[in-house]
Amino acid sequence: ILLRKKIDTTFVYVTHDQTEAMTLGDRIVIMKDGFIMQVGTPVEVFDMPDNLFVAEFIGAPKMNTMRAQLVEEEDKYFVVAHGVKMEVDGEKGTALSDRAVGSREVILGVRPEHITMTTPDDPEGIHCTVQVNEMMGSELHLHVVTDDGEKLIVRVPTITLSNEERFALRFGAEIYVTFEGKVMHFFDVNSEKNLLV
């Protein structure tokens, strides 16, 4: 980055490493099989991927995706996934209303860092069982499976956990996770396009 700033000229840099692209590029062109999937800044492709391919390619670990039902009720939108109903609030809820997306089956995307652990009495809590606990230093990567067999990855900052809590998150541990409407991504089941782009 410092060399690029010192020379002060345009670089075209080709890489298969999405982390490299995100850190070096002012604008990124994401390609698949010779076709351009999206062009944008690192923030744009991370926050608002055009399609499911970009959503799963950008980010480490990759975005969690699952089949879900998008439900419109009285000018509000809700997502039903894993037996839990969650409101889609904030800008995403407004965007769904503005685009008149309506009720439909969707592919729901949520990044691992946007999933949080919650308590068993949380009505929006999804029951999961820990399969793998990867200690990454500043965070844990929990590979969990929901009651209906869906696999998710949850990033948990270690600073939020006591030593006992860290040890308790081992294979077979039962936890509850949740996520907010403002962090959800919605993709069409057939075209895999982002419904909010």
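**Strand pairing and a nonpolar surface patch**

In strand 10 (residues 151–157), arginine 155 is the bridge partner of histidine 141. The model is a predicted one, in which local features need pLDDT of at least 70, side-chain atom pairs count only at pLDDT 80 or more, and totals for chains, interfaces and linings use all residues. Residues are numbered from 1 along each chain as its sequence is written, and side-chain values use heavy atoms, with hydrogens and water left out.

Strands here are DSSP runs of E with at least two residues, numbered from the N terminus, and two of them pair if DSSP finds at least two bridges between them. Strand 9 runs antiparallel to strand 10, to which seven bridges join it. Seven bridges also join strand 9 to strand 8 (residues 126–135), again antiparallel; here cysteine 128 stands opposite threonine 146 of strand 9. Because seven of the eight residues of strand 9 (residues 139–146) are buried, this strand is largely enclosed by the rest of the structure. Buried means under 20% relative accessible area, exposed over 50%, and partly exposed in between, with a 1.4 Å probe and protein chains only.

Each of the two hairpins has a glycine worth a look. Three residues lie between strand 8 and strand 9, and glycine 137 takes a positive phi near 95 degrees in that hairpin. In the hairpin of strand 9 and strand 10, with four residues between the strands, glycine 149 has a positive phi near 90 degrees.

Turning to another part of the model, five strands make up an open sheet with the order 5-4-3-6-12 and antiparallel pairing. Strand 5 (84–88) and strand 12 (185–188) are at the edges with a single partner strand each, so one side of each has no neighbour in the sheet. Strand 4 (residues 76–81) pairs with strand 5 over five bridges in the antiparallel sense, and valine 80 has lysine 85 of strand 5 as its bridge partner.

On the surface, Val29, Met31, Ile36 and Val39 form a nonpolar patch with about 370 Å² of accessible area together. Such areas come from the Shrake-Rupley method with a 1.4 Å probe; for residues, only the protein chains shown count as cover. Strand 1 (28–32) and strand 2 (35–40) are the elements that give two or more residues to the nonpolar patch. Methionine 31 lies in strand 1 and counts as partly exposed because its relative accessibility is 48%.

Terms used. Patches are made of residues with over 30% relative accessible area and no salt bridge: like charges are joined within 9 Å, nonpolar side chains (Val, Leu, Ile, Met, Phe, Trp, Tyr) within 5 Å. A salt bridge is a side-chain nitrogen of Lys or Arg within 4 Å of a carboxyl oxygen of Asp or Glu.
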